[in-house]
Amino acid sequence: MAVFQPFDKLPVLNSATLLLVGSDRGLQQELAKAMLQEKKSFKISIHLATSLPLPSEGDHLRPRIDLIVFMIDVKTKYSLKNVEASLAHVAASFFLGKVCFLVTGVGRVNYCSVEMSSIWKLGEVYCSPVLYCELELERTRVATAQRLLRMLQICAGHVPGVSALTFNFMLRNSY
Amino acid sequence: GVVLRPFLVMESLDGAARTLPSIGRLSWGLPFGRAHGRCGLSPSGGLLLQKNLDSQAVAFLLRKRWALYSVTPLYKFSSAHLKAYAKLLSAYIAAEKQNGLAVEVGVELDIKVAISCLPDLKGSEQDEAAVLVQLSLRPQASQKKSEEKVVWSGWFCSVCGDDLSKNMPADFTCLPVFLANGAESYTSIVGSWFQKMFDCCFHHLAISPLNLSWMAAMWTGCKLEENASAMELVFSVPSLPQSLDISYAIHAEDAKALWDTVQKTPGEITQEEVDVFMDCLYSHFHRHFKIHLSATKLVKVSTAVASAHCDGIIKLGLSRQYFIAAFQRKLLTLALGQK
């Protein structure tokens, strides 16, 4: 089984790479667009994948991934199962601050197909923050994009004095 | 009695499910965000209901489509004054029909209102008796012999909310579930009268796919009659240009056999068991049609016992003995959860 490593490649100067993993391509692209439209002081590239592992052919072309965002849609149970299956292909050292779970569809209780506690438990088990949002609303999408950019900046080591791990620790303690 | 674990239980970190001992500690917050799981009702409380159900009193509840609403507690409602309420309500309806013209209270009006208690629909002694509201058209003078026709009916109920009634402040009556059958215009008139009279608030109660799957499992587990109709699950496929519905029917006995292998303690349903049950059905479907039903939205569940639609419409089947307290308690939990 191909395991995805966080530090097997060298970083590129003043740039950061985000990997979005989720079963809903539409939402993924919307979010990626929102992130690209934001003003930023560094170069970003966003990679989209429906599930892990990533194909090994393109491996040598892929830059170092600084942050993996797993997208879960509370409206479909499949999105959660997909994320759970993908998590097995991520190296343990990634979970030292370089992974987060993004839960969308929040606020649509009547469409809920996923038990919220199972998502919360996922965050606990994998020691990673869980962010809740509604990507179908433009304002929350923009806010989420800004939030992820800031996290990416920290995870790529562009913020002096704050490492991914400290940030992760702070974020999870604030719950 | 049968102990039914409510569908939403607090999950502690180690994965063990536990129910909170008292509904007084029900979390009223948003079910999302930081709240990591919602709590349910205490599973205590016998099922007085089942032995009382032989009476004809509840026969009218069966085989009808009921729209679900949740209701906040009624202020200064007293079951001793039901007759007076009926008079006021019928005058209110007449006034509404005449666009607000004043109507004398107490005279014979076109629409007759009857408000009564349904003491049979109680889960425990502490529960408030269910309240039934019926609107019927008075027969025309020309056809005197014809019977009054019920055009609309609705009932309030609270089942197994022992702690709920204990923790209610004085002057408040808690009947959190309201079910209506008939024209929606009547529902809104009656609703607005109750709103004005008792300072309560009605909300349409939709049923999420998660809760629908819970109901599917619960009804599957009920004892079967001969030739019970098949269980049918209807799924809608999201984000397609045309709407596409998938209907998945399973023989009742097959579904029951599957559920019996999944359920660990008879009479108790846990969320994990429901998940396993649905996953089995989904993977069977996937094997044949290569479609992940888990990626679609469950919109309707119908079984011989009852059927429920995600829009908050339920229909109770023939078998009266399964007009279960458990089901009502489920609705209660739903009604309380939606704030």
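## Two domains in chain B

Some 33 Å lie between the centres of domain 1 and domain 2 of chain B, taken over C-alpha atoms. The domain assignment of chain B puts domain 1 at 56-204 and domain 2 at 207-310; such bounds come from an automatic or database domain assignment.

Keep in mind that this is a predicted model, where local features need pLDDT of at least 70, side-chain atom pairs count only at pLDDT 80 or more, and totals for chains, interfaces and linings use all residues. Residues are numbered from 1 along each chain as its sequence is written, while chains are lettered from A and ligands numbered from 1 in the order in which they are written.

## A look at B:Leu316

B:Leu316 sits in strand β15 (residues 313-316) of chain B; strands are DSSP runs (E, at least two residues), and helices are runs of H or I with at least four, numbered from the N terminus. Is B:Leu316 buried or exposed? B:Leu316 is buried, because 22 other C-beta atoms lie within 10 Å (buried takes 20 or more, exposed 12 or fewer, partly exposed is in between, with C-beta atoms placed from the backbone).

B:Ala306 is 10 residues from B:Leu316 in sequence, yet their C-alpha atoms are 4.3 Å apart in space.

## Two helices in chain A

Over in chain A, helix α1 (residues 25-37) packs against helix α4 (residues 138-155) at about 65°, with axes 9 Å apart. Axes are lines fitted to C-alpha atoms over the stretch in contact, and angles run from 0 to 180 degrees between N-to-C directions. So α1(A) and α4(A) are roughly perpendicular (65 to 115 degrees; under 35 is roughly parallel, over 145 roughly antiparallel, the rest oblique).
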